Amino acid sequence: MIRVAILGATGSIGRSTLRVIGRHPDRFRVVGLAAGRSVDDLAALVAEYTPDIAVLADADALVGRSDVPRAGWELGDDAVVALAEHPDVDVVVNAVVGAAGLASTIAALRSGKRLALANKESLVAGGPLVTAAADEGGGELIPIDSEHSAILQCLQGCDRGTVGRIVLTASGGPFRALSRDELATVTPAQALKHPTWEMGAKITIDSATLANKALEMIEAHFLYGLSYDRIDAVIHPQSIVHSFVEFVDGSVLAQMGFPTMELPILYALTYPERLADTELCTFDPVKASPLTFDEIDLARFRLFALGVEAGRAGGTMPAVYNAANETAVSFFLEGRIGFLEMGEVVETAMSRHSVSPIEQVADVMEADREARDMVREMTAAQHPGSAT
Ligand code: MG
């Protein structure tokens with residue numbers, strides 16, 4: 001029996017994980033569920049799945065909510081970290097949104113657990129700390145991201161020294177055909193309509209700007225130890241090919257399937273084993289046709305180019321890129337800044353930052369805070385009166 005804790009249980013990945021686990025009750029047991037501030041959703045999941053441990057990170061969300069059945073709930077960010085390193089947990093699914101997931105990522109790896117990571121931002125912002133935590137504690141980092149799961153699957157049974165390069169696929173989001181002028185006026189509602197994947201709000205916006213693909217290049221760099229010269233990305237609107245691995249002899253392997261996060265989740269839970277799951281056996285090459293591929297336009301998708309630059313700069317720069325992007329996305333969703341402005345504020349935040357190495361979590365947090373403050377100040381200066 002694999003004992004699972006899910007951090008970010010009420011979000012899209014958390015719920016998909018619970019669906020997968022629900023189909024295999026003889027293999028998995030839900031030991032812990034943690035949520036940020038979705039009190040009612042957490043209460044409903046606790047009633048349905050009866051985990052031993054339930055955690056709400058933001059205790060303030062309970063203010064005035066005496067109606068919520070919350071007996072035994074642990075409260076606060078520290079309780080989330082405690083769940084990530086709890087001795088009764090075998091696999092931690094980290095599906096927290098944003099850099100807030102870093103402490104739990106490190107705690108799980110340092111305590112020797114398998115970390116099924118959907119929270120790519122923690123790896124982007126604190127990559128060197130995350131890989132060091134895995135080395136120290138013997139923890140195992142398995143990606144839930146579909147592209148990185150595809151690469152892991154393509155690498156099974158291969159000598160890693162024979163990998164030439166990897167190519168991540170990107171759906172291109174809802175705006176891949178729009179001009180720069182058209183992009184300037186798109187609304188949050190338009191950006192939240194993803195053509196092929198159903199996901200949470202933050203990652204859906206990141207898919208529309210292609211920031212998500214840059215975050216994934218940085219993620220791949222840390223997961224697979226490849227230099228940025230050996231990581232490419234290509235637009236693939238159908239989201240059927242989840243990524244390619246090209247070997248040194250020119251042979252290319254790809255992993256395919258109709259888009260569902262349940263497959264990478266199941267694989268991360270059972271890796272390197274494959275568990276039979278008929279619900280996921282839906283592939284039909286005729287329905288998947290045609291498969292097309294296109295270059296990413298760096299001028300229109302500025303956040304993609306900036307993210308790759310941040311990855312190459314290394315040190316604190318990816319943390320700055322990530323935090324500036326997270327803040328810009330939240331301001332875009334609130335209607336405070338436009339779609340293209342997200343790239344502009346991130347670019348300015350990066351240009352004002354001087355890179356330093358990451359040696360401890362405090363270095364990441366400081367770069368993170370600096371970037372968020374910069375984006376907040378820029379937005380307040382450019383849009384006086386927009387502040388909430
Ligand atoms: Mg992905």
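**View 1. Ser239 in the loop between β9 and β10.** Ser239 sits in the loop that runs between strands β9 (231–235) and β10 (241–247); helices (H or I, at least four residues) and strands (E, at least two) are DSSP runs, numbered from the N terminus. Although Ser239 is a residue other than glycine, its phi is positive, near 55°. Ser239 counts as buried because its relative accessibility is 4%; buried means under 20% relative accessible area, exposed over 50%, and partly exposed in between (1.4 Å probe, protein chains only). The model is predicted, so local features need pLDDT of at least 70 and side-chain atom pairs count only at pLDDT 80 or more, while totals for chains, interfaces and linings use all residues. Residues are numbered from 1 along each chain as its sequence is written, and side-chain values use heavy atoms, with hydrogens and water left out.

View 2. Thr50 is not a glycine, yet its phi is positive, about 40°. Thr50 counts as exposed because its relative accessibility is 57%.

**View 3. Two cis peptide bonds.** The bond between Tyr271 and Pro272 is cis, with omega about 5°. Pro272 belongs to the loop between α11 (262–270) and α12 (285–288). A cis peptide bond also leads from Ser289 to Pro290, and its omega is near -10°. Pro290 lies in the loop that separates α12 from α13 (302–313).

**View 4. Lys120 in helix α5.** Lys120 is part of helix α5, which covers residues 120–137. With a relative accessibility of 4%, Lys120 counts as buried. Apart from neighbours within four places in sequence, the residues in contact with Lys120 (heavy atoms within 4.5 Å) are Asp145, Ile203, Asn212, Leu215, Glu216 and Glu219.

**View 5. The largest nonpolar core.** A nonpolar core is a set of buried Ala, Val, Leu, Ile, Met, Phe, Trp, Tyr and Cys residues joined through side-chain atoms within 4.5 Å. The largest one has 128 residues, and those with the most contacts inside it are Trp73, Leu269, Phe304, Tyr321, Phe339 and Met342. Helix α14 (residues 317–333) gives the most to this core, contributing 10 residues.

**View 6. Met342 and its contacts.** Met342 is one of the residues with the most contacts inside the largest nonpolar core. Setting aside neighbours within four places in sequence, Met342 is in contact with Ile205, Thr209, Leu303, Ala328, Val329, Phe332 and Ile337.
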